[in-house]
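Subject: Structure handover

Hello,

Please find the structure below, followed by notes on what was found in it.

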Amino acid sequence: MNRHELDAEAALREVARRNHISVEEVRKEIKLAMLAAMCSSDPAIQEKWKDIPCEGDTITPEDLIRYIAKRVQERYAEK
């Protein structure tokens, strides 16, 4: 497991801890939000989802967390 995988896992655990729920519940809620967002008919939104790298056929919550974390780091580096 590489550092980024650990960071995504740590983020999931922290959200679970803060909300007094299981990590699986956090994953489930993120997946539901992702599915709702992916159903957008807006082509610009669809393109943004295509930009998110993933190892399989489907974007996982961990993939999304890693992508967002990288984008945040890039924005802070620009300042």
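Arg-66 and Asp-63 are three residues apart in helix α4, so about one helical turn separates them. Helices are DSSP runs of H or I with at least four residues, and they are numbered from the N terminus. This is a predicted model, in which local features need pLDDT of at least 70 and side-chain atom pairs count only at pLDDT 80 or more, while totals for chains, interfaces and linings use all residues. Residues are numbered from 1 along each chain as its sequence is written, and side-chain values use heavy atoms, with hydrogens and water left out.

Salt bridges

Arg-66 and Asp-63 form a salt bridge, with their closest N and O atoms 2.7 Å apart. The term stands for a side-chain nitrogen of Lys or Arg within 4 Å of a carboxyl oxygen of Asp or Glu. Asp-63 is buried at 7% relative accessibility, whereas Arg-66 is partly exposed at 23%. Here buried means under 20% relative accessible area, exposed over 50%, and partly exposed in between (1.4 Å probe, protein chains only).

The structure holds eight salt bridges. One of them joins the side chains of Glu-9 and Arg-27 (2.8 Å, N to O). That pair links distant parts of the chain, with Glu-9 in helix α1 (residues 3-19) and Arg-27 in helix α2 (residues 23-38), 18 residues apart. Arg-27 is buried, with a relative accessible area of 14%.

Glu-14 and Arg-18 also meet through their side chains in a salt bridge (2.7 Å, N to O). They are four residues apart in helix α1, so about one helical turn lies between them. Glu-14 is partly exposed at 26% relative accessible area, and Arg-18 is exposed at 60%.

Second largest pocket

The second largest pocket has about 200 Å³ of space. A pocket is an open set of points on a 1 Å grid over the protein atoms alone, where a 1.4 Å probe fits, with protein on both sides within 12 Å along at least five of seven lines; lining residues have an atom within 4 Å of a point. The volume is the space filled by probe spheres set on the points, which are joined across faces, edges and corners.

Helix α4 gives the largest share of the lining, six residues. Among the lining residues are Trp-49, Leu-64, Arg-71 and Val-72. Val-72 lies in helix α4 (residues 61-78) and is partly exposed, with a relative accessible area of 41%.

Regards

Technical notes. Helix = DSSP H or I, 4+ residues; strand = E, 2+ residues; numbered from the N terminus.
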